Amino acid sequence: MASTPLDYNEIHDFLIQIARRAGEMVTSATPAISGHGTKKNSADLVTETDQAVEAMVSAELRARYPEISFMGEETYKPGDALTSQPTFIVDPIDGTTNFFHGHPYMCVSLGLAVDKKPVVGVIYNPWTEQLYTGITGQGSFLTEGKTGEKKRLPLRSPEPLRDLSHCLIAVEWGSDRDGNDYDVKVKTFRKLCASKEEGGAMVHGIRSLGSAELNLCGVAAGHLDLYWETGCWAWDVCAGWVILEEAGGRMVGAHPGDWEPAVDQRRYFGVRGGEGQKEIIEEFWGCVEGRLEVGYDALDKK
């Protein structure tokens, strides 16, 4: 007997309920004194709240949708692989370092991937009460406040993407602060910022805000033009991926020529909607100073 097709709208609505419950857990916590630890180093934090939120989300999703697999940041183990089966991909707190310091740029991120493709995304910042949502083929939206107006993304008609010197770009330093990939990032960021007389792109500015998912939402909304990231995970991008694409944006890979990235490859590049996407992507790729070792992409086989 064939399995019943998933109802993306029903899942979307349930994820919103869960995200708001998770948000209440986050805002009622006191992260600086509730206990925390590190995964790798002092820049890779985990708090008791991360773990409690994921436990709640996992329990609710498994009870409601036992046929759907689950992948979460706090319960992931090395070697766990994303399959083609429908899978909830969850980050209980994306922006844990911000949360720990009381900086309100963080979110609960709940995504659904089918055949390794993001199809539903719900991202909620409980401090600002901004809710970003998207369903493949149905658009993406921003709702501000619990009963606020639902606004379709992008928030304004996108202007053409001219060149990098007109772009506001998001990047992240990540928690790995040495080795080849850190060197690639430093050199790439320098080239993006440097004047054209120095061989750089002279971008309007670079922002390192601390939440991959909210960065993708910023690109989807049109607040940011581009977001280049390496070293993050599927739970850092799954929900934002569908929200960005439904807003007319595009996800590609971090390396030149990677036009069809996988959700779990750990090398990403998001671009807002507007004319000139292909040209701005290729111009940016020309600023990438080296090959990254973390993750994978289709280019590794060439």
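In what follows, a residue counts as buried under 20% relative accessible area, as exposed over 50% and as partly exposed in between, with a 1.4 Å probe and protein chains only. Good morning, colleagues. The structure is a predicted model, in which local features need pLDDT of at least 70 and side-chain atom pairs count only at pLDDT 80 or more, while totals for chains, interfaces and linings use all residues. Residues are numbered from 1 along each chain as its sequence is written, and side-chain values use heavy atoms, with hydrogens and water left out.

I begin with the domains. An automatic or database assignment divides the protein into domain 1 (8–28 + 41–152) and domain 2 (164–287). Their centres, taken over C-alpha atoms, are 21 Å apart. Domain 1 brings 39 residues to the contact and domain 2 brings 25, where contact means heavy atoms within 4.5 Å.

The area buried between the two domains is about 2400 Å², with 67% of it from carbon and sulfur atoms; this is the accessible area (1.4 Å probe) lost on putting two parts together, summed over both. On the domain 1 side, Tyr105, Pro118 and Tyr132 lose the most area to domain 2, together 26% of what that side buries.

How many salt bridges are there between domain 1 and domain 2? The count is zero, a salt bridge being a side-chain nitrogen of Lys or Arg within 4 Å of a carboxyl oxygen of Asp or Glu.

I turn now to the structure as a whole. A search of it finds ten salt bridges. Side chains of opposite charge can pair when their charged atoms come close.

One of the bridges joins Arg272 to Asp225, with the closest N and O atoms 2.6 Å apart. Arg272 sits in the loop between strand S14 (267–271) and helix H7 (277–285), and Asp225 in the loop between helix H5 (212–221) and strand S12 (226–230), so the pair ties together parts 47 residues apart in sequence. Helices (H or I, at least four residues) and strands (E, at least two) are DSSP runs numbered from the N terminus. Arg272 is buried, at 9% relative accessible area, and Asp225 is buried at 10%.

Another bridge links Asp300 and Arg267, at 3.3 Å from N to O. Asp300 lies in the segment after H7 and Arg267 in strand S14, so this pair connects parts 33 residues apart in sequence. Asp300 is partly exposed at 37%, whereas Arg267 is buried at 2%. Through shared partners, salt bridges join Arg267, Arg291, Asp297 and Asp300 into one network.
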